[in-house]
Amino acid sequence: MALNMWIICCGMMRSASTLQYQLTSEIVKYKNMGKSIGWVEPNKFSYFKDKYHNYQGFLIAKCHKYIKESVELDRKENAKFIYSFRDIRDVYVSLKNKNHSKLSFWIILQQIESALSDYQSWNKLNNILCSKYEIFTKDLSQEVLRIANHINIGLSLKEAHKISCNFTLPRQIEKTEIFDYNKLGIKVNENTVYDPKSLLHKNHIFSGESELWKREMTNLQLSIMEGVFYNWLVENNYLISQNIFSRQYGKILYNLRKM
């Protein structure tokens, strides 16, 4: 294995990217083939890259925002990238719940716009595994096998099942309930305190359900989001709920807001 073989788990926010990081870390740990670095801010990645310059094995990092060094790492085949995405309307609902409804619709919309920009950048890379939340969360054993295959680690179905059993939704919720966030957690801001090992936030997990947007979003909010992000939703086979006139109206409101 080459030096500085990075595995960057870079999925969309609120799309089980932390779960992918955990599964990847567990696979590498199970085979004793590397170590997990944890959360890395894009502007700090060069520091970690230099720090582990002579490290032999996999180095697993977690982020959301695009890391500019990724193009060079991808070109030199010194990195594997693991990405997840989700219906952005459910991303909206999840962000709203995580922040206890303190953020406005328009602020969350800006965050989603930024996430989709990162989505485009990440998915231009060659050595990337891209997983759809609504599919991979239903079969974690298969996701473990997909990740292992992507990073060229051999696993049997039995081994994959053994690894995945520790990351089911009930087990993840249990982890957030027993971890002492006040004493051991890392505080990012008022709403974000996380476990430095699992990277689970204190308020990380809600229901895990899909299509919560159907009951949590208003028709006007849906008209705006579906009007602005129609192409992305359709390309990824997500249901469109609003008619063309509502979507056009929503897009007009969005453009007026941007002026």
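Helices (H or I, at least four residues) and strands (E, at least two) are DSSP runs, numbered from the N terminus. Residues are numbered from 1 along each chain as its sequence is written. This is a predicted model, in which local features need pLDDT of at least 70, side-chain atom pairs count only at pLDDT 80 or more, and totals for chains, interfaces and linings use all residues; side-chain values use heavy atoms, with hydrogens and water left out.

Start with the loop between H1 and strand E2 (34-39), where Asn32 lies. Asn32 has a phi near 55°, a positive value in a residue other than glycine. Arg14, in the loop between strand E1 (5-9) and helix H1 (17-30), also has a positive phi, near 60°, and is likewise not a glycine. Are these two residues buried (under 20% relative accessible area) or exposed (over 50%), with partly exposed in between, for a 1.4 Å probe and protein chains only? Arg14 is buried, at 12%, whereas Asn32 is exposed, at 68%.

Next comes the pocket. On a 1 Å grid over the protein atoms alone, a pocket is an open set of points where a 1.4 Å probe fits, with protein on both sides within 12 Å along at least five of seven lines; lining residues have an atom within 4 Å of a point. The second largest pocket has 16 lining residues, and those nearest its centre are Gln22, Glu26, Phe167, Lys197 and Ser198. H1 gives the most to this lining, with 5 residues, and helix H9 (169-178), like H1, supplies at least two.
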